[in-house]
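Here is a friendly walk through one model, with a few side chains picked out along the way. Have the viewer open as you read.

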Amino acid sequence: MILYLNIIFELICLCFAVFTLPKVKAPWTLFILYLLFVVGIESYGLYAAENHISSKMVYNIYVLINFYFVQAILYKICNLNSTGKIPAWIFSVLFLLFYGGELMYNGPEQFTLTSMILSNILITIQSLYYFYSLMTQDDFVQLKSHAPFWLVAGLLIHAFGSTASFLFYEYLVAINKELKIPVRQVIILFLNFILYGSWSYAFVCKYQQRISS
């Protein structure tokens, strides 16, 4: 049931993107393709779980595409490198080297868990830096209607929470086995609700900005 709810959250966010972003310039329109990709990945993961098929290789692809899509959000939409203090290539190269090394060491049949944790840590750092830059800039920003703010807010909460859930993965699995309480699944569900809810609101903000300009 929880996996179905995750897909529902993604589909709702996709609907918001389809109805609000088609006439917005790139890279905003890439959200539609990305969310279609995520829905496809989650649907296959659900199918694989029900049929006892390994989906680790598919989720390894997701880890890579997700990280670089987030980089596009942070640098192309949110102007993270506007100060010039954090070059865009540093995080991208660091992640790629680590991801490639983990694939070579463990093989593509094993899930790149460490790379997933690293990606969430890097995204958390970048998101915090974005908020720091936002607070120290001279221009006034109306946060309630500032779409990039809501994009990064969702990313920060999701990345930080996901990092914690992965670091305590064994402990959460033990709770599930002993007490039959899917704590980790509930945490991921909540984080996805926050992420896709924040993104949906950001799409509405961007749409309102477009029609009012």
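Which residues does arginine 184 touch, not counting residues up to four places away in sequence? They are Ser165, Phe166, Tyr169 and Leu172, where contact means heavy atoms within 4.5 Å. This is a predicted model, in which local features need pLDDT of at least 70 and side-chain atom pairs count only at pLDDT 80 or more, while totals for chains, interfaces and linings use all residues. Residues are numbered from 1 along each chain as its sequence is written, and side-chain values use heavy atoms, leaving out hydrogens and water.

Arginine 184 also lies over the face of phenylalanine 166; such a charge has CZ of Arg or NZ of Lys within 6 Å of the ring centre and within 35 degrees of the ring normal.

Aromatic pairs are next: ring centres of Phe, Tyr or Trp (its six-membered ring) within 6.5 Å, with planes under 30 degrees apart stacked, over 60 edge-to-face and the rest tilted. The structure holds 21 of these pairs. Phenylalanine 31 and phenylalanine 203 form an edge-to-face one, with 65° between the planes. Phenylalanine 31 lies in helix α2 and phenylalanine 203 in helix α8, so the pair ties together parts 172 residues apart in sequence. Helices here are DSSP runs (H or I, at least four residues), numbered from the N terminus.

| Ring contact | Distance to or between ring centres |
|---|---|
| Arginine 184 over phenylalanine 166 | 4.8 Å |

Ring pairs also link Phe31 and Phe203 into a cluster with Trp28, Tyr34, Phe69, Tyr196 and Trp199.

Notes
Helix = DSSP H or I, 4+ residues; strand = E, 2+ residues; numbered from the N terminus.
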